Amino acid sequence: MSNPLRDMEHPDLIFCIGTNMTECHPVAATRLKKAIANGAKMIVADPREIQLAKMADLHLPIRVGSDVALLLAMAHVIAREGLIDQDFIDARTSGVGEFLEHLKEFTPEWASEICEVPAADLEKAGILYGQGTPSAIYYTLGITEHISGVDNVQSLCNLALMTGNLGLEGGGINPMRGQNNIQGAGDCGAVPANFPGFQPCDDPASARKFSKAYGIEIEAQKGITKVTALNQAASAEGGIHAMIIDGENTVISDPDMKHCEHALKSLDHLVVIDLFLTETAQLADVVFPATAFAETDGVQTNTERRVQRLRAAVPPPGEAKPDWWIISQIAQRIGTPGFEFESAKDVFNELCSLSPIYAGLDWDRIENSEYSWPVPDKDHPGTPRLHEKEFKNGRGLFKVIGYRDPAEVIDDEFPVWLTTGRRLESYHTRTQTGRSAGIDYLLSEESLEIHPADAEAWDMADGEIIRMSSRRGEIQIKIRTTDRSPQGTVFTSFSFASVPVNILTGSGYDPVTETAELKVCAVKLEKF
Amino acid sequence: MTDQEIIDQWKDQDAPLLPVLHAFHDRDDYLSEEAIRVISTGLKIPLAELFGTITFYHHFSRSKNGKATPRVCTGNVCRLNGGKEMLEALKSEGATPMPCSGRCDDMVPVLHGDQVLVGSDANSLDHRATPLPAPNPGGSEECVFRHIRAEGRHTLAGYRASGGYLGLEQAVQGSPEALVEIITDSKLAGRGGAGFPTGVKWKAVAEAAGNPKSIVCNADEGEPGCFKDRAIMDHDPHALLEGMILAAFATGAHRGFIYLRYEYPETQGILQQAIDEAHAANLMGDNILGKTGFHFSLKIVRGAGAYICGEEGSLLNSMEGKHPFPRNRPPFPVTHGFEDLPTVVNNVETLASASHIARKGAQWYQGLGLGDHTGTKVISLSGDIQRPGNYEVPFGFPLATLLHDWAGGPRDGRTIQAVTMAGLSGGFLAGDDLEVTLDEPCIRGKGSFLGAGGIIVFDDSRDMVQAAHDAMAFFAHESCGKCFPCRIGTQRLTERLNDSGGDLALGDWKDEVEDIGSVMKATSACGLGMAAPLVTESLLRYFPDAIETHLSCR
Amino acid sequence: MNQLAEEIRVGTLTLDGEPVDFREGETIYEVSERCRREVPTLCYDPRLEAFGACRLCVVEVEGIRNPVASCTTKATEGMVVRTRTKTLEKHRKTLLELVASENRDTKVDELSGYASQEMNDLLVRYDARTGRFGGKRSGTSNSKDKNPFILRDYDNCISCYRCVRVCAEQEGDHAINIMNRGFDTQIITEFNNDLRDSSCTFCGQCVQTCPTGALTDKKAIRAKDTPGEIKKTRSVCTYCGVGCSVDILTKGDRVVGIHPAMDGPANEGALCIKGQFAFDFVHHPDRLSKPLIKQEDGTFKEAEWDEALQKAADGFLKVREKYGNHAVYGVASGRAPHEAAYTMQKFIRAGFGTNYIDNCSRA
């Protein structure tokens with residue numbers, strides 16, 4: 001997030017797109033509710049009538065995957081209505097001329113055809129966002145899990161740049177990070193493009209720095225993503241032959257389940273570290289028992305870049321060990337130096353010594369969770385709000401972006417849009433929530449949400465078990481009729497292994513990030 | 001009307017919730033679950049909150065045909081006059097009791113849908129118009145009742161025939177400040193009981209920042225033993241309207257509301273007709289009396305049975321569709337009233353007085369009081385008295401003269417044992433203290449207060465512990481439940497007056513009653529809780545023997 | 001405590017004889033808290049709008065006839081305030097005795113909820129006689145609601161409405177409200193249904209703000225009879241990216257419950273159903289407790305650490321030998337702490353010299 005969580009109580013205009021915040025980030029959503037109670041207005045763009053949509057002043061039930069068209073039209077309206085912040089643009093951005101020229105053809109009428117939302121509502125959205133003082137954008141995976149994920153994010157940046165909504169209390173562009181330490185995994189350099197602290201792998205100086213620190217020549221080029229790695233593992237030519245997976249139930253949570261399963265089975269060697277013998281762990285050659293929440297000392301970074309301490313309160317079951325210890329032990333056994341860590345503190349302090357954004361931090365300084373990175377030195381108070389006076393990389397760059405259809409669009413054979421997501425009561429693949437008492441009372445099984453009119457047209461009844469298939473496979477699922485789903489689009493979550501919806505997904509990947517288009521998939525529904 | 005038509009009619013208007021609830025309640029004869037869901041969505045009120053708020057009101061029925069079932073007044077005066085027997089007789093029709101419904105000058109009232117019937121028993125029930133105040137036997141000059149007995153006074157023509165709206169016409173010739181000055185000089189103060197100087201209130205609203213401002217008439221006359229506002233509204237509605245229009249002129253308010261208690265359905269019709277007439281005559285609406293920019297429109301908001309809604313914070317919350325708890329003060333309504341904007345909240349009698357004062361002047365009004373006292377007060381007299389009814393007395397008037405000379409004294413063969421003050425809120429006066437004069441300094445000197453001017457008479461045939469119990473039971477029934485001392489205190493005091501609080505020795509009984517009373521008076525959040533213990537306090541003061549007898553007869 | 005920096009000071013009042021500065025908008029209660037006056041209260045929760053129901057926090061202000069509720073009264077310049085006169089203390093004791101008289105129990109287990117001891121603590125502090133003011137009890141326990149998280153024992157409710165207010169103001173769910181009035185007040189959902197059928201999201205906020213244990217954490221209270229002291233450990237919830245601070249409640253080696261951290265920077269006391277109630281997977285019998293090695297027949301056998309670690313290492317060595325460094329790939333967890341992700345990326349970079357490392361953020 002560019003802004004701290006507490007800023008969520010202060011926008012004048014809230015624009016939520018591709019985020020089901022009341023279910024996926026309920027505590028963050030309470031802050032938006034407070035802002036609304038204090039008079040803030042809200043636009044919600046989401047195909048479904050989620051809880052946020054019910055609270056909104058304007059709900060835009062856009063067709064899945066049409067976000068860029070919506071955002072182009074909003075930008076068009078903002079420019080046309082003279083709602084741009086010329087001072088901000090002049091002082092802090094570049095590329096506005098070409099961008100404004102580009103916008104001219106993308107009228108609300110044009111976008112209305114693609115988004116399947118009335119042009120008047122798109123018009124209204126542009127005006128509301130453009131008039132907010134400030135306006136804040138919140139998004140989650142509904143923006144990024146598309147083949148146009150990067151385009152979507154950059155389109156949002158364009159909106160914020162043209163209206164000067166960055167660096168302000170209650171403004172900003174705020175991705176809500178999904179998993180508890182997904183931000184931290186990136187901070188720590190567990191990505192193919194960056195060393196710890198987002199130091200680029202293809203920057204020779206950074207590569208030299210880490211080569212020196214780790215005592216081995218590290219190649220100065222980006223690695224491959226997990227998606228590519230799995231493709232390589234699955235392919236006849238091979239490429240990847242061994243994997244170590246920590247705490248991820250890849251088989252259930254990743255797209256195109258059959259492909260994924262095949263890839264993992266093709267490996268010569270698979271090591272999995274987890275709390276439970278998950279569907280993924282079952283494919284491993286060796287499985288290590290890890291310590292869980294309440295058993296582990298450590299650090300995690302939240303969605304507002306706040307670096308926080310986790311503390312162990314009870315001993316782990318049996319011989320379970322912290323992940324860092326297990327990985328370090330394997331590393332030592334393959335002869336890698338530099339893994340003589342004795343505590344989580346040792347590991348974290350080494351990270352701080354190598355990461356400029358953590359340079360001002362160490363284990364003892366984060367005792368009270370008061371720092372948001374970057375914290376470049378020990379006298380720095382941390383950075384709860386980014387971009388206040390200037391952008392890290394100089395000027396904010398407008399990007400010229402055009403609309404593309406999703407990788408897969410509905411046709412005669414697969415005439416229904418499927419979109420996936422999460423539910424309040426479940427976390428991911430339910431390895432934890434599914435094993436906590438009482439959760440089943442509220443949500444004991446998965447179902448497919450279908451608009452009642454669709455169900456009637458397709459001769460399906462609430463509670464009926466049907467067959468849903470895509471180009472990649474088929475599953476059986478019980479249907480639930482609800483007005484939450486728009487006509488022609490169905491929804492389910494990926495949480496239940498008994499309804500492995502990711503058998504169907506995996507139609508395409510963003511060309512830059514290789515993030516899967518989990519939010520769009522063409523399916524057909526059939527009665528048994 | 002369809003659900004949607006009802007919602008659409010009100011949803012963009014001020015204070016929509018109560019009118020919408022009444023529209024469904026009237027249409028369906030109850031508030032169905034489905035209706036409540038429709039309203040929640042239509043007015044964007046969370047369902048649980050809406051449901052909770054509905055349950056706060058006594059008269060909203062949630063079972064089929066509930067609205068039509070008779071409600072019998074078993075109020076503190078009607079109990080003396082056969083209210084409970086009436087309830088018993090009508091049980092077969094599903095009758096339920098209701099607290100004092102403001103007809104204590106008549107026989108027992110029964111609310112049948114939107115009609116009030118009165119009678120001494122179930123067979124004699126009949127519709128009867130509100131009694132006119134009897135002419136003043138002492139010949140003392142009146143203000144509020146000055147022309148109320150004039151033929152056709154409730155019509156615009158009749159009102160005008162006896163000088164109505166002349167005060168307004170005079171006022172708009174001058175400035176709002178000049179009008180405020182007249183009202184201030186007259187020393188008119190709130191006649192609903194609180195006694196706040198009216199001119200000061202108007203001035204504060206005129207000067208307060210924030211628009212639109214509102215004039216709210218508190219016509220939720222819920223105090224047992226009070227029925228004066230009903231007489232004014234039924235027989236002299238234009239006097240109230242004129243007072244509100246004057247207040248609007250003085251303060252710059254453009255919208256007005258009359259918050260009318262549920263139990264006065266006929267009054268609503270009379271007021272609405274008067275409002276329509278006033279509109280047609282350009283006494284309301286835009287550019288009133290040709291004065292550019294002087295706009296004022298008025299609507300009636302009907303309550304639904306909750307005594308606490310007579311408390312101005314509760315009243316404003318009720319109008320706004322919120323749970324009708326009193327508000328924390330400060331801030332006061334003059335700056336943060338309806339919708340948190342500057343608001344005048346005045347009682348019916350106050351506003352009606354203002355229209356007379358505007359015409360006849362401050363000096364005239366001041367001169368109506370006795371001695372150092374200024375102005376008049378309408379007293380609603382009921383209970384064990386020969387001629388119950390409304391009497392307008394000059395401030396400083398002896399209570400005994402009112403009781404014996406004007407109202408004929410007790411029933412034959414009886415003597416007056418005690419009277420209540422301020423309806424029930426002032427507790428009892430008895431013995432030598434019946435010699436008070438009717439003005440706040442004198443009555444407050446006796447540990448009571450005059451308040452809205454309701455006086456209930458108890459003759460020597462009455463059990464005063466029972467009377468105190470019935471009074472406390474009323475307060476317990478009407479306590480909103482927000483502040484601890486009142487919510488628990490009214491309940492525990494009631495239990496101590498009917499022996500359901502355990503077997504206490506006299507000393508412990510007194511200790512508990514006194515401790516509860518003292519904490520209620522000192523710490524309650526609004527007037528209800530502060531006033532309720534005056535009942536037990538005065539019982540202990542005047543009738544210690546009765547308590548002892550009562551406790552020993554358990 | 002008594003003095004404030006010039007830039008935030010807007011005035012000075014006299015508190016129990018001492019001059020005390022106050023900030024813009026500060027109430028007498030807030031000033032008194034800052035100066036550690038320990039003014040008692042039962043309806044106050046610093047996260048909520050002041051309500052003024054319990055009246056325990058009344059103080060005397062010179063020039064005002066009746067005591068005023070300090071929580072709803074703003075500090076003003078020159079105000080002379082007394083927080084602890086004999087009369088006030090007597091009123092407070094009477095109020096506490098009245099409140100105690102409407103409940104079945106005044107002492108409840110600490111595991112009931114974060115604020116559950118507040119009433120009993122005050123009864124003890126004021127030596128309030130719990131047998132006084134006999135009569136009807138208020139509130140009826142809701143035993144028909146079988147939800148597994150929140151016990152609704154309204155026999156012990158004192159109608160402070162903190163639950164209703166926290167649900168509306170803090171959580172924005174508006175799931176519960178107040179039915180009826182006066183002594184008959186009852187906390188209900190719409191139409192008095194079960195919580196499951198309302199807009200309740202089982203965030204547990206009502207439980208944690210309840211000062212009497214009328215609302216009790218059903219999962220935590222299961223450990224009521226487990227021997228041992230309750231220990232609290234500050235940590236962070238691991239269920240999403242918001243990063244809510246929590247206190248993990250333990251008895252011996254068992255996690256018995258979770259309290260939201262009222263001073264948690266991300267959540268300021270808020271939690272959701274997962275953070276509040278989904279903690280017991282930690283002790284689930286399915287947890288792995290030994291390393292596992294896959295055997296020829298495809299089944300797993302439990303192994304000692306040495307053997308399993310060696311087997312894991314050998315596999316990577318073999319692959320590296322056969323296919324080179326680019327044949328090994330690491331996937332770090334977005335759910336494990338930094339130390340896991342950091343060692344994982346170092347494992348790949350320092351072990352194989354590549355950047356063949358990713359995490360689960362792409363799915």
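In this predicted model, the contact between chain C and chain B takes 45 residues from chain C and 48 residues from chain B. Together the two chains bury about 3800 Å², and carbon and sulfur atoms account for 58% of that area. Three residues stand out on the chain C side: C:Arg181, C:Phe183 and C:Phe191 supply 22% of the area that chain C buries against chain B, more than any other three residues.

Polar pairing also occurs across this interface. There are 24 residue pairs in polar contact between chain C and chain B, both residues being at pLDDT 80 or more. The largest share of the side of chain C that touches chain B comes from α2(C), with seven residues. Both α2 (86-101) and β7 (177-179) of chain C supply at least two residues of that side. Four salt bridges are counted between chain C and chain B. B:Asp515 and C:Arg132 meet through their side chains in a salt bridge, at 2.8 Å from N to O. Side chains of opposite charge can pair when their charged atoms come close.

**Chain A and chain C**

Two pairs of chains touch, and the most contacts are between chains A and C. Chain C contributes 115 residues to this contact and chain A contributes 148 residues. The area buried between chain C and chain A is about 11000 Å², with 63% of it given by carbon and sulfur atoms. Seven salt bridges cross the interface of chain C and chain A. In a salt bridge between C:Lys290 and A:Glu319, the closest N and O atoms are 3.2 Å apart. Polar contacts between chain C and chain A number 69 residue pairs, both residues being at pLDDT 80 or more.

Chain A and chain B, by contrast, do not touch, and their nearest C-alpha atoms are 9 Å apart.

**Domains of chains B and C**

Chain B is divided into five parts: domain 1 (3-56), domain 2 (69-127), domain 3 (156-366), domain 4 (376-459) and domain 5 (464-552). The C-alpha centres of domain 3 and domain 4 of chain B lie 27 Å apart. Where these two domains meet, 13 residues of domain 3 of chain B are in contact with 19 residues of domain 4 of chain B. They bury about 1200 Å² between them, and carbon and sulfur atoms give 55% of this area. The interface of domain 3 and domain 4 of chain B holds 10 residue pairs in polar contact, both residues being at pLDDT 80 or more. One salt bridge is found across the interface of these two domains of chain B. The side chains of B:Lys377 and B:Glu349 meet in a salt bridge at 2.6 Å, taken from N to O.

Chain C is divided into domain 1 (9-84), domain 2 (96-283) and domain 3 (292-362). The C-alpha centres of domain 2 and domain 3 of chain C are separated by 45 Å.

**An open sheet in chain A**

Chain A contains an open sheet of five strands in the order β3-β2-β1-β5-β6, with parallel pairing. Strands β3 (58-60) and β6 (173-175) of chain A each have a single partner strand, so one side of each is left without a neighbour in the sheet. From one strand to the next, the twist averages 15°.

Within this sheet, strand β1 (residues 13-17) and strand β2 (residues 41-45) of chain A run parallel and are joined by five bridges. A:Ile14 stands opposite A:Met42 in β2(A). Two helices of chain A lie across strands of the sheet. Helix α4 (residues 67-80) of chain A lies across β1, β2 and β3, and runs at about 155° to β1(A).

**Salt bridges**

Over all chains, the count comes to 100 salt bridges. One of them joins A:Asp297 and A:Arg309, whose closest N and O atoms are 3.4 Å apart. This pair links distant parts of the chain, 12 residues apart: A:Asp297 lies in the loop between β11 (286-289) and β12 (298-301) of chain A, and A:Arg309 lies in strand β13 (residues 307-310) of chain A. The salt bridges named in this report are collected below.

| Salt bridge | N to O distance |
|---|---|
| B:Lys377 and B:Glu349 | 2.6 Å |
| B:Asp515 and C:Arg132 | 2.8 Å |
| C:Lys290 and A:Glu319 | 3.2 Å |
| A:Asp297 and A:Arg309 | 3.4 Å |

Terms used:
Residues are numbered from 1 along each chain as its sequence is written. Chains are lettered from A and ligands numbered from 1 in the order in which they are written. This is a predicted model: local features need pLDDT of at least 70, side-chain atom pairs count only at pLDDT 80 or more; totals for chains, interfaces and linings use all residues. Side-chain values use heavy atoms; hydrogens and water are left out. Two strands pair if DSSP finds at least two bridges between them. Helices (H or I, at least four residues) and strands (E, at least two) are DSSP runs, numbered from the N terminus. Axes are lines fitted to C-alpha atoms, for helices over the stretch in contact, and angles run from 0 to 180 degrees between N-to-C directions. Contact means heavy atoms within 4.5 Å. Domain bounds come from an automatic or database domain assignment. Buried area is the accessible area (1.4 Å probe) that two parts lose on being put together, summed over both. A polar contact is a pair of N or O atoms within 3.5 Å; within protein, one must be able to donate a hydrogen and the other to accept it, and residues adjacent in sequence count only if both atoms are side-chain atoms.
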